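Visitor: I would like to learn how to read the features of a protein model, one after another. Could you take me through this one?

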Amino acid sequence: MSAYVAAIETDREAMLARWRDWSAQGAATSLFQTPAWLAAWYATLGAQPGRQPLLASVARPDGRVLMALPLSLERRGGLRRIGFADLGVADYAAPLLMPDCPTDAAGVRAMVDSLRRVLPQADLLAIEKMPE
């Protein structure tokens, strides 16, 4: 059994409700990761034709969510592209992290591996503006 379980949520209202819960539970967020900001983004830019909201989360096997990423799936130049839900208008290219999220290289690698297994099929996973 994997050390982590990843999931993808595509219903915008369910995504925002979960995000509000995580924020209330002490998740580390930036200004551009607040539920209000994400609600506005997903209702405007994220609601454009050809764009699908994706909320990716990674949890322990007991269901405790450790990390989440607000993403978007869109067609761009004939390619299916998954990237942060920002389209260049926000500067939050980082995951939402719960206080007990692993920070060691092996733990992070295992979380990302579990996430990659559940992402929808795409031609490009563009995780940009991340620190090296």
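**Reading the strands and the fold**

Guide: Let us begin with a pair of strands: β3 and strand β4 (residues 79-84) are paired in the antiparallel sense over six bridges, where two strands count as a pair if DSSP finds at least two bridges between them. This is a predicted model, in which local features need pLDDT of at least 70 and side-chain atom pairs count only at pLDDT 80 or more, while totals for chains, interfaces and linings use all residues. Residues are numbered from 1 along each chain as its sequence is written, and side-chain values use heavy atoms, with hydrogens and water left out.

Visitor: Which residue in β4 is the bridge partner of R76?

Guide: The bridge partner of R76 is L79. In the hairpin that β3 and β4 form, two residues lie between the strands, and G77 takes a positive phi near 60°.

Visitor: How many bridges pair strand β2 with β3?

Guide: Strand β2 (residues 51-59) pairs with β3 over nine bridges, again in the antiparallel sense, and L54 stands opposite L71 in β3. These two strands also form a hairpin, with five residues between them, and G63 in the turn has a positive phi of about 95°. Strand β5 (residues 96-97) runs antiparallel to β3 and is joined to it by two bridges, with L97 in β5 as the bridge partner of M67.

Visitor: Is β3 largely enclosed or open?

Guide: A residue is called buried when its relative accessible area is under 20%, exposed when over 50%, and partly exposed in between, using a 1.4 Å probe and protein chains only. In strand β3 (residues 65-76), 10 of the 12 residues are buried, so this strand is largely enclosed by the rest of the structure. For the protein chain, buried residues make up 38% of the 132 residues.

Visitor: What is the order of the elements along the protein chain?

Guide: Helices (H or I, at least four residues) and strands (E, at least two) are DSSP runs, numbered from the N terminus. The protein chain has three helices and six strands, and from the N terminus on they run β-α-α-β-β-β-β-α-β.

Visitor: What radius of gyration does the protein chain have?

Guide: This radius is taken over C-alpha atoms, and the globule rule is 2.2 Å times the number of residues to the power 0.38. With 132 residues, a compact globule would have a value near 14 Å, and the protein chain has 14 Å, which agrees. The C-alpha trace spans about 35 × 30 × 30 Å along its principal axes.
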